[in-house]
Amino acid sequence: MEYDRFVEEVQRRAGFEGRDEAERAIAVTARTLGERLLVEEAAAVAGGLPGPVAAVVRGATYQGDFDRDELYDRIARREGAPRGFGMEHAQAVCQVIGEALPEAERVRLQRHLPDWADLFAPRSAGAPPPRPAHAASPPETGQGSTLATGRPGSRHPLSEARPETAHAQSVARSDDPHADTKLSSSPGLTQERLRETLADGRPGPEHPVSETQR
């Protein structure tokens with residue numbers, strides 16, 4: 001793999017905005033990896049990497065068998081970044097290292113560092129690049145939630161909604177809110193239902209007009 005492509009892959013997978021950031025992460029990770037390798041192993045790994053990366057690996061001094069957590073911590077400290085970013089950058093660079101190495105050298109590296117072996121596993125063919133951990137996540141709108149379907153995080157579109165806008169005893173909740181006073185279906189207003197009508201001439205309950213004139 002050519003160096004330019006190596007940098008481009010790291011930049012894309014780690015979500016760096018600029019090439020300089022990617023090159024810094026590559027240099028820091030390659031140096032930290034070299035500190036975990038004996039001279040013979042470092043030479044074998046460097047032999048399969050692009051020149052600038054190989055030079056950093058070869059130039060590092062072995063510092064003992066530290067674990068993966070220490071790998072992430074060292075990278076974060078050297079970058080002056082939070083540990084989560086250091087971990088993300090290490091994973092991106094190590095994965096590209098694994099893809100850049102010939103298979104024999106990659107397998108040798110994985111056997112030499114069994115607790116780090118998965119870091120150097122090449123990405124599956126056709127798999128999308130991993131989303132950087134610091135990238136903004138899209139808002140969760142639920143399955144099929146779009147403005148077109150009117151589903152803002154719900155399984156019920158606006159067209160299916162039946163909001164309750166009236167009180168429990170309101171006539172607005174009735175299918176026939178004016179049934180009591182409609183001329184076509186009601187015996188009349190309150191006075192008419194009590195048979196107190198002008199036709200009967202009953203201004204009072206017991207004295208019709210005809211009787212008061214006598």
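Student: Is Glu 40 buried or exposed?
Tutor: Glu 40 counts as exposed, because its relative accessibility is 60% and the cut-off for exposed is over 50%. Keep in mind that this is a predicted model.

Student: Which residue does Glu 40 meet in a salt bridge?
Tutor: Its side chain meets that of Arg 108, at 3.5 Å from N to O. The two come from distant parts of the chain, 68 residues apart: Glu 40 sits in helix α3 (residues 39-46) and Arg 108 in helix α7 (residues 103-112).

Student: And how accessible is Arg 108?
Tutor: Arg 108 is at 34% relative accessibility, so it counts as partly exposed.

Student: What about Glu 41, where is that?
Tutor: Glu 41 is in helix α3. It is buried, since its relative accessible area is 14% and buried means under 20%.

Student: What does Glu 41 touch?
Tutor: Leaving out residues up to four places away in sequence, Glu 41 touches Arg 108 and His 112.

Student: OK, back to salt bridges. How many are there in the whole structure?
Tutor: A search of the whole structure turns up 16. Another one of them joins the side chains of Asp 69 and Arg 83, with 3.1 Å from N to O. That pair also links distant parts of the chain, with Asp 69 in helix α5 (residues 68-79) and Arg 83 in helix α6 (residues 83-100), 14 residues apart.

Student: How exposed are Asp 69 and Arg 83?
Tutor: Asp 69 is partly exposed at 44% relative accessibility. Arg 83 is partly exposed too, with a relative accessible area of 35%.

Student: Which residues pair up within helix α5?
Tutor: Glu 70 and Arg 74 both lie in α5, four residues apart, which is about one turn of the helix. Their side chains form a salt bridge at 2.8 Å, N to O.

Student: Are those two buried or exposed?
Tutor: Glu 70 is partly exposed, with a relative accessible area of 23%. Arg 74, at 11% relative accessibility, counts as buried.

Student: Which residues are in a network with them?
Tutor: Salt bridges link Glu 70 and Arg 74 in a network with Arg 31, Glu 35, Arg 77 and Arg 78.

Student: Which residues of α5 are buried?
Tutor: Those are Leu 71, Tyr 72, Arg 74, Ile 75, Ala 76 and Glu 79. What covers the buried residues of α5 includes α2 and α6.

Student: What span should α5 have, and what does the model give?
Tutor: Its 12 residues should span 16 Å at 1.5 Å a residue, and the C-alpha atoms at its ends are 17 Å apart, so the two agree.

Note on methods:
Residues numbered from 1 in each chain as written. Predicted model: local features only at pLDDT ≥ 70, side-chain atom pairs only at ≥ 80, totals over all residues. Heavy atoms only, no water. Salt bridge = Lys/Arg side-chain N within 4 Å of Asp/Glu carboxyl O. Buried < 20%, exposed > 50% of the residue type's maximum accessible area, 1.4 Å probe, protein only. Expected span 1.5 Å × (residues − 1). Contact = heavy atoms within 4.5 Å.
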